[in-house]
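Take a look at the structure below. The text then walks through it, beginning with a single residue.

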Amino acid sequence: MCGKLQPFPVRHLAEYRYLSGFGSHFSSEDERYPNSLPLGQNSPQVCPYKLYAEQLSGSAFTAPRTENVRTWLYRKLPSAVHQPFQPFKGAPYFKQNWDEQPPNPNQLRWKPFDLPPQQGRKVTFVEGLHTVCGAGDPRARHGLAIHIYSCNESMDNSAFYNSDGDFLIVPQQGILDITTEMGRMKVAPNEICVIPQGIRFAVSVNGPSRGYILEVYDGHFVLPDLGPIGANGLANPRDFETPVAWFNDRPIEDFQVISKFQGSLFVAQQNHSVFDVVAWHGNYVPYKYDLSKFMVINSVSFDHCDPSIFTVLTCPSLRAGTAIADFVIFPPRWSVQEHTFRPPYYHRNCMSEFMGLILGKYEAKEDGFAAGGATLHSIMTPHGPDVKCFEGASNAKLVPERIAEGTQAFMFESSLSLAVTKWGEDTCQKLDGAYYECWQALKDNFTLGKAQK
């Protein structure tokens, strides 16, 4: 109802608790073992409960204080207690070979990616990872990759960590129940989570689940600067949630640790769970965010604002104002611009634009772009509204209206030129060869003579 504040939906179960804030220095201990954090120092001669102290560094020791991230973990056994790593063959389409396909400058659109069947082969989160496109080299710590996950089985007695970069996970179908070294969190569609480089985690699901992943090699995700917007707006720091300490006290004799290292997967066996952290403190942590809490900024006079006003998180490059990757959303909002073509404008961009749809219908292309699918408009590849959208918006009565109601589209935008994998262009069999047709019926409306007012 107009003028009435709608409550944010409650998406996580009550037994999971969180710490509020972005970039904060947190302290947490499993409530079953009070006083398990050392007092006054990081590495005492003997830790409380005879735990081991282990530091997890997410930045160089000498990084500026504003960028320095690390967490101290107090655990039952150090992470070094495992057997040697061996190659892992369980995810054949999760790889970063950007030269296996010739370049393709066309507009690309994928129909919804397949879900595993409810009956039949069981596929875990790691086994269901498929790389769609990317650029750069994890060995040089520069670049990104975009993946799809599609799974129907929980990761029991196993964990995964990424040595190459951070994962930003966008569920599209199914709730993810994620256990990390720092604690547990549930992430539903219309929420996201970030698992920083090196943090070990396992994903449990209840039925077929699907979503998108943005992986960055260069650094970590941060909140965008607000500039003249001021101190408040967009994704507010208080709305990010980090799990509280929790450890698995169940005896385990056969546990797998799967590692992504230099673009390849490896697996090691050990006789205990990695989820044995009783207490921790630091600012290098996993976190989640509810996209419905994003405070939208928009034009209240004329013209369509650039999509940068919808940036939730960014991974900056060394060039000022230019991102390795931005995570941008297009949430429900009011549209009130006068004498304006209100949908997104026609565009050629020096950035790559990969879009996905969590739910609903995207305003610029209501037909053909379905939830669970994607589009890629590469650097300088023209794109914009289809014929139906253009004709409708050009003749619409301009009154205040709610747009994108019941919809959540997003974009991974990058300054890098993205190469599509063989799986993304061929093997998945989801590429829509007729995508280009949505613009072919646009007419030349230019008229000679006096300009229209």
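I199 counts as buried because its relative accessibility is 0%; buried means under 20% relative accessible area, exposed over 50%, and partly exposed in between, with a 1.4 Å probe and protein chains only. I199 sits in the loop between β13 (191–195) and β14 (201–204). Helices (H or I, at least four residues) and strands (E, at least two) are DSSP runs, numbered from the N terminus.

This is a predicted model, in which local features need pLDDT of at least 70 and side-chain atom pairs count only at pLDDT 80 or more, while totals for chains, interfaces and linings use all residues. Residues are numbered from 1 along each chain as its sequence is written, and side-chain values use heavy atoms, with hydrogens and water left out.

What is I199 in contact with, leaving aside its neighbours within four places in sequence? The list holds L56, F160, Y161, T180, E181, M182, Y284, V285 and P286. Contact means heavy atoms within 4.5 Å. D426 is another matter: I199 and D426 are 227 residues apart in sequence and 33 Å apart in space, C-alpha to C-alpha.

One of the contacts of I199 is T180. T180 belongs to strand β11 (residues 176–180). T180 has 0% relative accessibility, so T180 counts as buried. A polar atom of its side chain lies 3.1 Å from the backbone nitrogen of M182. Beyond its neighbours within four places in sequence, T180 is in contact with M185, I195, I199, R200, F201, P243, F275 and P286.

R200 lies over the face of Y161, at 4.5 Å from the ring centre. R184 does something of this kind too: its charged end sits over the ring of W246, 4.1 Å from the centre. A charge sits over a ring if NZ of Lys or CZ of Arg is within 6 Å of the ring centre and within 35 degrees of the ring normal.

Next come pairs of rings. Rings of Phe, Tyr and Trp (its six-membered ring) pair if their centres lie within 6.5 Å; planes under 30 degrees apart count as stacked, over 60 as edge-to-face and the rest as tilted. By this rule there are 26 aromatic pairs. F22 and F240 make one that is edge-to-face, with 4.9 Å centre to centre and 65 degrees between the planes. This pair links distant parts of the chain, 218 residues apart. F22 is in the loop between β1 (18–20) and β2 (26–29), and F240 is in the loop between β15 (209–216) and β16 (241–243). Both F22 and F240 are buried.

F310 and F330 also pair edge-to-face, at 5.7 Å centre to centre and 65 degrees between the planes. F310 lies in the loop between β20 (287–290) and β21 (311–316) and F330 in strand β22 (residues 323–330), so the pair ties together parts 20 residues apart in sequence. F310 and F330 are both buried. Elsewhere, ring pairs join W110, F113, Y212, F327, F354, F410, F412 and W423 into a cluster.

Now step back to the whole. The protein has 2 helices and 28 strands. Of its 453 residues, 52% count as buried. Among contacts with a separation of 6 or more, 78% come from residues 24 or more positions apart. The C-alpha atoms fill a box of roughly 85 × 45 × 45 Å, taken along the principal axes.

Notes
A polar contact is a pair of N or O atoms within 3.5 Å; within protein, one must be able to donate a hydrogen and the other to accept it, and residues adjacent in sequence count only if both atoms are side-chain atoms.
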